[in-house]
Amino acid sequence: AAHAVLQPIVLGLFRDAPELASAAVDGKGAQAVRRLSEKRRAAPEPSAVAGETPPLLRDRPWRTKPSTRRAAGRLVEVRGLELASVAPLEEAPVERWSEVARDMSAEELAAWRAETWDGIRTGNYACADFALIRERGQLAYRRVPDDERLAAWNTGRAHLRGSPLSLVRAHGLAALPGFLKTDWLRWLGGYDDGVAHLEAFMCLVSPEAAPRMARVAARRKKYRRVALAWLAEHAEIAALGLIPDALGAEGEARSDAEAALRFLADRDAAAVARASDRYDAESRDLVAALLARDPLAIGVRPAKRPPFLREAELPPLALAGGGELDADGRDALLELLQSCPLDPPYAGIARLRASFAPGALEAFAGELVEQWVLGDAPGRHEWMLFAAALFPSEASGRRLGALAREWARKHQEKAKRACSALAQLADDRALMHLAHIAETTRFDALRQHSRDLVLEAADARGLTPDELGDRTVPDLGL
């Protein structure tokens, strides 16, 4: 039962025949067998009294497809709205080669123009802000004049050797076209240039920037909090830019804009209403319908259940109003957990908690984790693991931590899933486990994955990594 490959098979045997558990004597495998046997003996008998099924589980609204009625949105002329300009920076960004770079001579400028614009036309490498030349056997940098730099950058096909923030400081909103034409999002999370472009882009407050920030919020989890903060800070201007995409053709741009527009409406409905008023009557009606749409209707299809899931062995679910959830309601709950998105969490999860007695959903999620482990923890059915993050308990947190630390020594992919579930819990104990794995695992990819999760947690709390570390070290009861 302690064998890496045979454990699910052996524990499955003892689950079917718990009376054989007395044969287990000592060792790590015996502990697993005893834990399984004790859980079976301690399981309460289901009650025959069925309570009233919560409306969410009775109606299963997640199966309903959202309304797809759309019209082509167009940005009408905005009158009387003064767009914010770039805020002055306290310090000018320091280029890596600013001390050795000098202005171009006429001959050097002509050579740069020929090379750069040829690269822009042919798709070869082109640099907008500095030219690299060989002078007396050494490489030297030459600054491109501001107007020439801006023209090359705004083609969307020229790169920067210097700081994007320096470009924004010099040109303000005039540099926005280049940021919109350059797909710098693909660098986010992988290269420092991605973060530098994001920081510079956030200085450009314009309706045209809002769809790109909505894409960051939807497609780059690590930077979601920063992107949402930008959208909220500039709610009316952002809504102006989001409405055309939110009413446009099907695709990622529309879904990202819709999600951002809903986010803004929840926090500043008046700002969204003012932005909507600047469009024609049909567009205003469509925006109102979009914001009034049921967030529970997302059009997901029921997925196939894993063969190792034993619904009859799941603990009964006591309802807050008395009685227990019936078989049909339990089936709906499993379908909900299996089919609906985790991040951002499905809106119905928060509503569901109030319908059950304290601890009922937490115990249910804990047993799903155990059955997932017995089924050899397949990634295809990791929803059983993440149920413990949706309905967290102290016991589940300890169990996830134990699994993550055990797998960190031998199963990299399983450990990554367990670490992601711990990050969803985000309490001090869970982050303590993540920090331990980041320091001790022998897998490089897992080490980086757990470190990234810890840094994201620190960022979400507004703490430095050291400050977060102070809060997550074991206190030994002191």
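The axes of helix H19 (residues 394-407) and helix H20 (residues 412-425) come within 8 Å and cross at roughly 150°, where axes are lines fitted to C-alpha atoms, for helices over the stretch in contact, and angles run from 0 to 180 degrees between N-to-C directions. Helices (H or I, at least four residues) and strands (E, at least two) are DSSP runs, numbered from the N terminus. The model is a predicted one, in which local features need pLDDT of at least 70 and side-chain atom pairs count only at pLDDT 80 or more, whereas totals for chains, interfaces and linings use all residues. Residues are numbered from 1 along each chain as its sequence is written, and side-chain values use heavy atoms, with hydrogens and water left out.

H19 and H20 are therefore roughly antiparallel to each other, given that angles under 35 degrees count as roughly parallel, over 145 as roughly antiparallel, 65 to 115 as roughly perpendicular and the rest as oblique. Their crossing is left-handed, a term applied if the near helix is turned anticlockwise from the far one by less than a right angle, and right-handed if clockwise. On the H19 side, Gly397, Leu400, Gly401, Ala404 and Trp407 meet Gln412, Lys414, Ala415, Ala418, Cys419, Ala421, Leu422 and Leu425 of H20, contact meaning heavy atoms within 4.5 Å. The residues of this contact between H19 and H20 comprise nine nonpolar, three polar and one charged, where Ala, Val, Leu, Ile, Met, Phe, Trp, Tyr, Cys and Pro count as nonpolar, Asp, Glu, Lys and Arg as charged, and the others, Gly among them, as polar.

Helix H11 (residues 235-246) packs on helix H12 (residues 252-267) at an angle of about 145°, with the axes 8 Å apart, and the crossing of H11 and H12 is left-handed. Ala235, Ala238, Ala239, Leu242, Ile243, Asp245 and Ala246 of H11 form the contact with Ala253, Arg254, Ala257, Glu258, Ala260, Leu261 and Leu264 of H12. By class, the contact of H11 with H12 has eleven nonpolar, no polar and three charged residues.

In the protein as a whole there are 23 helices and three strands. Strand E2 (residues 130-135) runs antiparallel to E3 and is joined to E3 by six bridges, pairing being assigned if DSSP finds at least two bridges between two strands. Within this pair, Leu132 has Tyr141 of E3 as its bridge partner, and in the hairpin of E2 and E3, which has two residues between the strands, Arg136 takes a positive phi near 50°. Strand E1 (residues 102-103) pairs with E3 (residues 138-143) in the parallel sense over two bridges, with Asp103 standing opposite Arg143 in E3.

Of the 478 residues of the protein, 45% count as buried (under 20% relative accessible area, with exposed meaning over 50% and partly exposed in between, for a 1.4 Å probe and protein chains only). His381, placed in the loop between helix H17 (360-374) and helix H18 (383-390), is buried, with a relative accessible area of 8%. Leaving aside neighbours within four places in sequence, His381 is in contact with Lys304, Arg305, Pro306, Phe308 and Trp372. Leu390, which lies in helix H18, likewise counts as buried at 13% relative accessibility. Not counting residues up to four places away in sequence, Leu390 touches Leu337, Leu342, Ile349 and Arg353; the C-alpha atoms of Leu390 and Ile349, 41 residues apart along the chain, are separated by 7.7 Å.
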